[in-house]
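Subject: Structure for your review

Hello,

Here is the structure you will be working with. My notes on it follow below.

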Amino acid sequence: MENSEGVKIESTVVTEEPLISALDIALLVVIITVAYFWYFKRDKQSSSSEKKPYTIQPSSLSSIEQTSNSSFIKKLKSTGRSLVVFYGSQTGTAEEFAGRIAKEGARYKMKGMVADPEECDMADLVEMKEIQKSLAIFCIATYGEGDPTDNAMDFYEWLQNGDADLEGLNYAVFGLGNKTYEHYNEIAIYIDQRLEELGATRVHEIGLGDDDANIEDDFVSWKEKLWESVCSHYGIEETGEESNIRQYKLVDCSEVLPERIFSGEISRLKSYENQRFPFDVKNPYLSKIAVNRELHKSGDRSCMHIEFDIDGSKMRYDTGDHVAVYPKNSSELVDKIGELLNADLDAVFSLLNTDEESSKKHPFPCPCTYRTALTYYLDITSNPRTHIMKELIEYASDPKDQEKLKLMASSTPEGKKEFHEWILRDNRNIVHILEDLPSVKPDLDHLCELLPRLQCRYYSISSSPKVYPKSIHITAVLVNYTTPTNRVNKGVATNLLAQLIPTNDELPQPTIPIYIRRSQFRLPPKSQTPIIMIGPGTGLAPFRGFIQERDYARKEGREIGEMVLYFGCRKKDEDFIYENELQEYVANGTLTKLHLAFSRDQPEKKYVTHLLEQNADELWNIIGEKSGHLYVCGDARSMAKDVHSIIVKVVMEKGQMTNSQALNYVKKMEQQKRYSADVWS
């Protein structure tokens, strides 16, 4: 362009004609126009290709219509449905509950469907009033420190920022939470209240499920009362028909070509052979295991330091993020199911939704073999819920087995007691149930429909990208325990990881699918801000990354604030993980103080909480006088709660505040992200 213009200018000077003729201008306009459209069309196509989302086959409501893939209202109207059940789910439980409610709607002449709010235009809720006797139910989990689940985030923000008129919308909410966390069911409570504020009508009071106790019991009890309220509100009666109707039908896929059969991929066929960025929950990265070493020095327990190679993946992480690991079930348990049911695990099959209008065609990637489904897609190690007991009744040939299942599936006090003792207390999974009730022989395809999806496991990243940009480190305790029935239950992910040992030869290195999940657990923006870290056991993991990052800053010549770490374990000579690293950080000045509690190295047990109480002056100096940050990582049930109580007590005493003032002070710290917790129960 520029050179072409230069030639023309030179020519016009020689011939003493006007610098730019009308023809030149016309040609120039044409050239610029063509170039513009060519460039931006190409750019748009490229951008579209790069950003095209990966679709997971078993996703709910992923494409209702080619022309309008987000209008659940059109779907309801076109199929004569009046019930829609939305779910906000991080682990799959809320989605499972939503499916059970939608299925039961048929008993009340309310044909239902399940919907993912992330894939719907939730503004269409204003049109629900156009459907006679319509009802929207929300099964919503609260995740982390009072956050919405990933798929409910947009809906939550829409409710916060919008002012839609929802008059005429009938709704009910069931929340999934855990009382060991401070923000118990916060998102469900907010949605329930906000819908009412926007004019919607609450058909039934909110249900709050506690996963620390028995969330199944909470859900079933709420659901029974829900339908009573629905009948009263709409003036309808239960048909009395049982809802044990198959949602999926078996399709024989023995003639399907091998290259069209799923072998463990999460969504896209052959995705592990042809990896494509970006990597996320539906498109994980197949990472090589670069390092897998034991951290415990002795004893009968194991703690692994594992490094995932992400070189060349374009994946980026921040200190404090989590990494999701996709596990697989042990071949021993999978083979046992095949043996107990006398089934051919290598038969290729598919489960196809009996509702032809549904966009959720399969419960997991299909077609595949039963072995693949039981290995990669289905949870066979957790405690089955009561609805599975109910579905197994018809497969019991022994009256005693049948009666036992009927009792556990019931909502009577006796039934709940039996379910709690036989399933939850004794920690039975589906394999144990089939072993202990030998007359129960369900069709394997039906069992595959009933079992929940196998979920990825999340680990706090124990490295800093400043120091390790090409790898992700985790710190994981191997989970093995004996149940009351003298069976040994093994953690699905940690036992798999324990087997993935890299070799020094040219053999292919072990791999596992992963992706990075963002976190709010962050270092202060300024490196000079002092911090206190409280992380006993593997709670040390994210703080290892914090210390690495501050050490990196110090070596660059930047000023860093005080870093105080509280770490505890059982015995110094047994499970003091990363001891040499920590001592080196103390020696070079990065780690200002290292407070250690070895609970079993003396007659009286000593924990980090005891040390925290003893160091009240230091604690107040950092969080009170210097406006520092405090971080807690580890057990939510006792440790994190005890730490919170101690913090409030110290603020009261050292800050000379009342209990109410101290609670408000700590609450403000949390709001300002000066008090952060990364905990689990």
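**Notes on the model**

Glu-421 counts as partly exposed because its relative accessibility is 26%. Keep in mind that this is a predicted model.

Glu-421 forms a salt bridge with Lys-417, with 2.9 Å from N to O. Both residues belong to helix H12 (residues 413-425), where they are four residues apart, about one turn of the helix.

In total the structure holds 42 salt bridges. One of them joins Lys-77 to Glu-130, and their closest N and O atoms are 2.6 Å apart. This pair links distant parts of the chain: Lys-77 is in helix H3, while Glu-130 is in the loop between strand S2 (112-115) and strand S3 (135-143), 53 residues apart. Lys-77 is partly exposed, at a relative accessible area of 44%.

Asp-551 and Arg-554 also meet in a salt bridge, at 3.0 Å from N to O. They are separated by about one helical turn because they are three residues apart in helix H16 (residues 541-555). Asp-551 counts as buried, at 5% relative accessibility, whereas Arg-554 counts as partly exposed at 26%. Elsewhere, salt bridges that share partners join Lys-336, Glu-339, Arg-425, Asp-426, Arg-428, Glu-435, Asp-436 and Arg-487 into one network.

Arg-428 also lies over the face of Trp-422, 4.0 Å from the ring centre.

Next, the rings. There are 25 aromatic pairs in the structure. Phe-72 and Phe-86 make an edge-to-face pair, with 5.1 Å centre to centre and 85° between the planes. Phe-72 is in helix H3 (residues 72-79) and Phe-86 in strand S1 (residues 83-88), 14 residues apart, and the pair links distant parts of the chain. Phe-72 counts as buried at 0% relative accessibility, and Phe-86 is buried with a relative accessible area of 1%.

Last, a sheet. Three strands form an open, antiparallel sheet in the order S8-S12-S13. Its edge strands, S8 (248-252) and S13 (368-369), each pair on one side only. Strand S12 (residues 348-353) pairs with S13 over two bridges, and Val-348 has Thr-369 in S13 as its bridge partner.

Regards

How values were computed. Residues are numbered from 1 along each chain as its sequence is written. This is a predicted model: local features need pLDDT of at least 70, side-chain atom pairs count only at pLDDT 80 or more; totals for chains, interfaces and linings use all residues. Side-chain values use heavy atoms; hydrogens and water are left out. Two strands pair if DSSP finds at least two bridges between them. Rings of Phe, Tyr and Trp (its six-membered ring) pair if their centres lie within 6.5 Å; planes under 30 degrees apart count as stacked, over 60 as edge-to-face and the rest as tilted. Buried means under 20% relative accessible area, exposed over 50%, partly exposed in between (1.4 Å probe, protein chains only). A charge sits over a ring if NZ of Lys or CZ of Arg is within 6 Å of the ring centre and within 35 degrees of the ring normal. A salt bridge is a side-chain nitrogen of Lys or Arg within 4 Å of a carboxyl oxygen of Asp or Glu.
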